[in-house]
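Please look over the structure below. The report that follows covers one interface and one residue.

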2 protein chains.
Amino acid sequence: MKLAKTYAFLKKDLSLIEDALEVSVYADQEILNEASLQLLKAGGKRLRPVFVLLASKFGDYNLEKIKNVASSLELIHMASLVHDDVIDNSDLRRGKPTVKAKWDNQVAMLTGDYIFAKALQQFTEIEEPRAHQILSHTMIELTIGEIEQIKDKYKVDQNFRNYLKRIKRKTALLISSSCQLGAIVANTDNKSEKALFRYGYYMGMSYQIIDDILDFTASEKELGKPAGSDLINGNITLPVLYALEDPLIHKELTNLFSNKKQVTSDAIKPIISKIISSNAIEKAKKVSDMYLQKAYESLQLLPNNQAKESLENIANYIGNRKI
Amino acid sequence: MKLAKTYAFLKKDLSLIEDALEVSVYADQEILNEASLQLLKAGGKRLRPVFVLLASKFGDYNLEKIKNVASSLELIHMASLVHDDVIDNSDLRRGKPTVKAKWDNQVAMLTGDYIFAKALQQFTEIEEPRAHQILSHTMIELTIGEIEQIKDKYKVDQNFRNYLKRIKRKTALLISSSCQLGAIVANTDNKSEKALFRYGYYMGMSYQIIDDILDFTASEKELGKPAGSDLINGNITLPVLYALEDPLIHKELTNLFSNKKQVTSDAIKPIISKIISSNAIEKAKKVSDMYLQKAYESLQLLPNNQAKESLENIANYIGNRKI
């Protein structure tokens, strides 16, 4: 099943959000305009808007209001990607040159700042103070997650807790906030809001773990960027943490990371092969499945409707996605 | 007269804002915490909070509410400075090492992101949707101003309008917004709000022009960074635009800028001397004075009180400031 099929009934609403995104990033400044549009046109799953819309279906579905929240969250996600590419020195994303590659780090930093500010502008239409608090809290945690990722780079001896805390901040919170904010602006009852928040959190954790697995198992073509990029950048993800339990792999990676200059795409290939042929991928997949299971369980607290079915199908898709 | 003397009666309130800033930037993350504190402790005039407080004095002065606006605006200013230092590759600010110098560009980018997010968190306490709109609009314009500055770097043939538009976005709007937001949260009447906005705008323009003059006329010790930094970075400011009217200076600078690699501190010294000994500084000062005059005029529409006196005194100070 294709992801888009799981929420086919939202097609019209999502296309309105796509239009809103395009209007929103328009800048009366050539470079910002081009850079933002390039980012937007590179596509993406628009998962955060999907979660906002689906969560809102459990309350009063007012598209005008929801549209602002949905596009705001997608913009925050986009802005964080632009800054992310500066940090990871990435030249490709989704098979297209990144802003920092097509222009430079400075333009990428300012494009990110600009899109952040545009996200906030979209959000000013929302009156609930609690929604604003959740949004700013999410942005704060997102940044802390990013800096923790820098701090933990090339650190072979970090624990699982570090990793889980980092992906919670970096990925899961923005997804759980998408669900929660969708619920809040639709005035769902308290119980539904909590269930949706939890679903989003567990989905976000599972999603990021699968992402970290795919970085090893998917092809460069599928990824739209070089395979093994995370490890080349020194990012120790869950499959690596499991693989490091093997003292030989531990020693080999420690040696390689002892001099960052030698961490090239070629030098890392043998280690990547070893990680793939170990049981690390399988173990990481099990952790992802555990979170996915919790996501399903969270859904049980919600009334049955089309949106709930979609949320279940998205979970099925994420659990089995190949890209 | 010292600047702080012009608003001595705000001393207690400003010290509460200083405390709020310190609490606000606290991060449960070592690097962000150190970088943010370093930035905060480097000091600064805290002009934006001063303007917020003074503008609020024309309405219902509720310090709890105003404090959030004041610290939020100072945080946005601080965040923009950190990103600014990345763009200008500055190692010193206010005589202290910048975040990008003490850590690196990546940490500086994320520290800026973090402080932006913290600024928003402070602002969530404010309920007026109009205040949120003004804030996000200001942030958008600020970013456009920054990218315009990059675009216009080393461009010898730019016009005065370019420069004025750029400093409006880069500096004046944040100051006019400080005044306006102070007025809005204090529920001043419409006429006062407009007058305060205008005062802030004209003051901001004048302030930035003086800043651009001081980059040539003040000593390295006074500036806390190398003199002539703007021109070394390729930033064409108002004194330079006037100096470029001399065909000899125009030719010399065009030659120098034809190869950015040759734009060193030493190579630029003779041009700086020529700019200083031309009448460019004087002409730029006159433009600043014109804005200052408009700032005074805007104040005439406000009722007489201690705050108005302070705003006048700040204008006097800015007009004659040596640093």
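The sections below treat the contact between two chains, then a single site.

## Extent of the interface

This is a predicted model. In it, 33 residues of chain A are in contact with 33 residues of chain B. The area buried between chain A and chain B is about 3500 Å². Carbon and sulfur atoms give 75% of that area. On the chain A side, Met109(A), Leu110(A) and Ile147(A) lose the most area to chain B. Together they make up 18% of what that side buries.

## Polar links across the interface

The count of salt bridges between chain A and chain B is 0. Polar contacts do occur: the rule finds 6 residue pairs across the interface, both residues at pLDDT 80 or more.

## What chain A contributes

Four helices of chain A each give two or more residues to the side that touches chain B: H2 (30-41), H4 (63-87), H6 (105-123) and H7 (129-151). H7(A) supplies the largest share, 13 residues. By class, this side of chain A has 17 nonpolar, 9 polar and 7 charged residues.

## A site in chain A: Ser56(A)

Ser56(A) lies in helix H3 of chain A, which covers residues 47-56. Is Ser56(A) buried or exposed? Ser56(A) is buried, because its relative accessible area is 0%, and buried means under 20%.

Which residues does Ser56(A) touch, not counting those up to four places away in sequence? They are Tyr61(A), Ile66(A), Gly182(A), Val185(A) and Ala186(A).

Conventions:
Residues are numbered from 1 along each chain as its sequence is written. Chains are lettered from A and ligands numbered from 1 in the order in which they are written. This is a predicted model: local features need pLDDT of at least 70, side-chain atom pairs count only at pLDDT 80 or more; totals for chains, interfaces and linings use all residues. Side-chain values use heavy atoms; hydrogens and water are left out. Buried means under 20% relative accessible area, exposed over 50%, partly exposed in between (1.4 Å probe, protein chains only). Contact means heavy atoms within 4.5 Å. Buried area is the accessible area (1.4 Å probe) that two parts lose on being put together, summed over both. A salt bridge is a side-chain nitrogen of Lys or Arg within 4 Å of a carboxyl oxygen of Asp or Glu. A polar contact is a pair of N or O atoms within 3.5 Å; within protein, one must be able to donate a hydrogen and the other to accept it, and residues adjacent in sequence count only if both atoms are side-chain atoms. Ala, Val, Leu, Ile, Met, Phe, Trp, Tyr, Cys and Pro count as nonpolar, Asp, Glu, Lys and Arg as charged, and the others, Gly among them, as polar.
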